[in-house]
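Please look through the sequence and the three-dimensional structure that follow, and keep both in view while reading.

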Amino acid sequence: MFSTAAMFVGIISAIERNGKKKLKDMNIGEIVAAHKRLFCVLKQDLFTHDFKLEKVKKKIDAYHLDFLTKKTAKETFVAIVTSCSDFDESALTHVDCLTSSSVWNMIMFSILSNAKGDLDNDVYGDFAKLLATSSDVESANIPQAMQEVADQIAKDIDCGEFKSMSPKQAEEWLQASTSLAGYKFRQFLKRHGHRCLGEFDVRSLTWDMDPKMLVKLLQNLVGVNKENKKKEEESVSEIISGLQVPLGFISKCLLKFVLLQCRRGVRGREAGKSIMVKSLHHWRKGYRQLGKLMVSEGYLPDEDLVFFLTINEID
């Protein structure tokens, strides 16, 4: 994959190395090979990888959760197993976004390494700097949104009073409060409630399943003075002009385009991950329900044990 990305900039590098040499005077074999490689890259959905994100998100958000309506453990288990393929699209979309993001990153790395002619600290440093400029990424929004909720709580209630509440009392206040803090808390759960630490473990409890975990974090954040001033974002031209690697005019133009695609790739990758995590969260709810029914029907002494059984053992 790296060689494919490297060939994307093969023609550009060749032109800049040859200075005034015209494209028609270049080695025809090199040009043909580069174009073939370029075509292979372009047909990998690099420009369309995130087109399906909104559609898939709506589908997952509106999923029927039929397995939660069953009356017996057997019916619930059958409904869960038969729903497996319902979430294929979310996983495949995430893989498409992840792959495209990785390829764009490698193309960007290839531009820098070709311009420098070597892999040194300047190349790695500039690559890291360019990657760090991504903005409006969902995973980065979570701590920011959490801090905003905490800041609003500090405005609506005495910090000491909120911190002195038990997590259960604080949760009840946030869930019932008509204040802006309560509204922001509920909106946070609506958007990010399917997330948590260890979110790819189906046994983990998410924030909407146990909001007290989130409340504890908020109690720690309330009253913590943090500078919320948003840094003025540098333009792409300013970022590129501050790089250490010497770039030719064509490489700069190409890098500007590729950087925008890298940013888009990161946003798509993180949005796709969130959708896939939510798909897993639906299964998590199903298996939690299955565990409860198996306990009530005498199959298990503890509902949590369902997560330690194989499919065949449950069946």
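**Surroundings of a glutamine**

Leaving aside its neighbours within four places in sequence, glutamine 219 is in contact (heavy atoms within 4.5 Å) with Phe162, Lys163, Met165, Ser166, Pro167 and Ala170. The model is a predicted one, in which local features need pLDDT of at least 70 and side-chain atom pairs count only at pLDDT 80 or more, while totals for chains, interfaces and linings use all residues. Residues are numbered from 1 along each chain as its sequence is written, and side-chain values use heavy atoms, with hydrogens and water left out.

Glutamine 219 is found in helix α12 (residues 211-221), where a helix is a DSSP run of H or I with at least four residues, numbered from the N terminus. Because its relative accessibility is 9%, glutamine 219 counts as buried, a word that means under 20% relative accessible area, with exposed being over 50% and partly exposed in between (1.4 Å probe, protein chains only). A polar atom of the side chain of glutamine 219 lies 3.0 Å from the backbone oxygen of methionine 165.

Aromatic rings come next. A pair of aromatic rings is described by the distance of the centres and the angle of the planes. The structure holds 10 aromatic pairs, counted for rings of Phe, Tyr and Trp (its six-membered ring) whose centres lie within 6.5 Å, with planes under 30 degrees apart called stacked, over 60 edge-to-face and the rest tilted. The rings of tryptophan 104 and phenylalanine 257 have centres 5.9 Å apart and planes at 80°, so this pair is edge-to-face. Since tryptophan 104 belongs to helix α6 (residues 88-116) and phenylalanine 257 to helix α14, the pair ties together parts that are 153 residues apart in sequence. Tryptophan 104, at 0% relative accessibility, counts as buried, whereas phenylalanine 257, at 33%, counts as partly exposed.

Phenylalanine 109 and phenylalanine 127 also form an edge-to-face pair, with 5.1 Å from centre to centre and 80° between the planes. This pair links phenylalanine 109 in helix α6 with phenylalanine 127 in helix α7 (residues 121-131), 18 residues apart, and both phenylalanine 109 and phenylalanine 127 are buried. Elsewhere, ring pairs join Tyr63, Phe67, Phe87 and Trp283 into a cluster.

Methods. Helix = DSSP H or I, 4+ residues; strand = E, 2+ residues; numbered from the N terminus. Polar contact = N/O pair within 3.5 Å; in protein donor to acceptor, adjacent residues only side chain to side chain.
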